[in-house]
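Grab a pencil and let's work through some exercises on a protein model. Try each task before you read its solution.

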Amino acid sequence: MLTGMPTSAAVNAGDTAWVLISAALVMLMIPGLALFYGGMVRVKSALNMLMMSVTCLAVVTVVWVLYGYSLAFGPDAGGVIGTLRDAGFAGIGTHTVTGSIPTLAFAAFQLMFAAITAALLSGSIADRAKFGSWIVFVIAWVTVVYFPVAHWVFDPSGWIAAHLHALDLAGGTVVEINSGASGLALAIVLGPRLGFKKDPMRPHSVPLVVLGAGLLWFGWFGFNAGSALASGGLASVAFINTQVAGAAGVLGWLGVERRRDKHATTLGAVSGAVAGLVGITPACGSVNPLGALVIGLLAGVAAAYAVGFKFRLGYDDSLDVAGVHGVGGLVGTVLIGVLATAAVTGHARGLLYGGGFDQLGRQSLAAAVVGAYAFGMSWLLAKGVDRFLGFRVSRDDELAGLDLLIHGETAYDIAGHTAGVGHRVGQPVPAAHGVASQSSAKIRP
Amino acid sequence: MRLITAVIKPFKLDDVKAALEAFGVHGLTVSEASGYGRQAGHTEVYRGAEYQVDLVPKLRLEVVCDDDDVDDLIDAIASAARTGKIGDGKVWSVPVETVVRVRTGERGTAAI
């Protein structure tokens, strides 16, 4: 418009506005996730946890522009992957249209999905990954795992969307099961943190976790309702379902805690919210709000139990990527086969609404294939990175904490008296305020 | 002169401070501390994982006083800090050789 060129007639202004806003909402989920994760680790590696998410926003954006968009949404090759014709957004201008919105709006929205899904994985390897190896892994992972799976499900010509007809509006498979299974593989390849199951690895700041979860919940409206790629009825049902499932997830998780642990915890409440939101992600455009209530509740309950398995089975999925995202995503993806209603989907029906087992089978197959592919490929990639670069920091570095060693920073200086002591490296030792210490400064070489 | 050190439950600070003021003591150094004795920590639960937290937050109070006052002050602090439950803390004293008031250079009991 600004260039004075006519806008394509197919572009809908309301749809475009909503998708652009949704893209920005999903972007906000990444710092939200960083805080959600960062608060959950011990103070000595808190910044590293934040950085693993923040760098995904940067690295995945670059990859997306260069070739990622084209692999995910370029011209279809056999329903499996996009070709590289659109690499560098070649030929995609302001007039190129996807559905009823400019392709660049769609590409911006989908970019945020790729970035946050990669960031989600970092929770499974808290406190022990080499930073450079993480970045290499992220580039390899989005290329080999995320872009193909996004193509299968989100591209209309992808095999899950076009042939299997499994329903997944916002990424229960692409984002949640994918990150859960990949995170599990990462946790297994890197091995448990030193002191796992023995040392108390308490969250260093539950308030930060709450802030992060709040940003995630807020952004999730864009994530789910934006996935309608239009502003209208579908976006609206996805929006209300998102709220309902998040709320039900809180109650589901707290119910388990009250019974099992005798305490309803703050960390449990926000973990339940995330589990409920994860659960409704695939289903937000297939069920009614009562269906969302059931999915959110069951996702919260299932995830609350699932997070305990790592201690029994001995894998250190540190911040429960598999336990919350994998399990929540599985619950939502499969329950579409039970709770999908034609009043929302327009055609497909779940078991409960007279659709028989047909949709349930399609949902289960999609979940199984994505889970297996993600786990297998992520395991191979992580093994490769470990062999050639080393994926894990040394024992001493891990014990000391990653913040100072990798990033040269520490998260907090709350005891204010440490702030003014010392001097800037490369500058002369500062002249002190008093006469006595001036002389002591001269004594130092 | 004596240095009295008390390790108390954090929420008893106001009571102890009031007791010291009633006694005429107007100087007090407080620092955050953590430790354990017979109380032996507590448990916390995060995502279903129960952790035994051995070190409990405490406050450490330090007061310098005259030899004559030491027993009364220790009693005052102990009774003000007492809840009767496990984990109330400890109070002890040690001899002090020198005290200097930084501002004036006064030494000994005059500096207290």
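**Exercise 1.** Work out what share of the residues of chain A count as buried.

*Solution.* Start with the rule: a residue is buried if 20 or more other C-beta atoms, placed from the backbone, lie within 10 Å of its own. Apply that to the 445 residues of chain A, and 55% count as buried. Keep in mind that this is a predicted model, where local features need pLDDT of at least 70, side-chain atom pairs count only at pLDDT 80 or more, and totals for chains, interfaces and linings use all residues. Residues are numbered from 1 along each chain as its sequence is written, while chains are lettered from A and ligands numbered from 1 in the order in which they are written.

**Exercise 2.** Compare the radius of gyration of chain A with that of a compact globule.

*Solution.* First, take the rule, 2.2 Å times the number of residues to the power 0.38, with the radius taken over C-alpha atoms.

**Exercise 3.** Find the residues with the most contacts inside the largest nonpolar core.

*Solution.* Such a core is a set of buried Ala, Val, Leu, Ile, Met, Phe, Trp, Tyr and Cys residues joined through C-beta atoms within 7 Å. The largest one has 153 residues, and A118(A) and I295(A) have the most contacts inside it. Next, look at what A118(A) touches: leaving out residues up to four places away in sequence, its partners include W141(A) and Y146(A).

Definitions and conventions: A residue is buried if 20 or more other C-beta atoms lie within 10 Å of its own, exposed if 12 or fewer, and partly exposed in between; C-beta atoms are placed from the backbone. Two residues are in contact if their C-beta atoms, placed from the backbone, lie within 7 Å.
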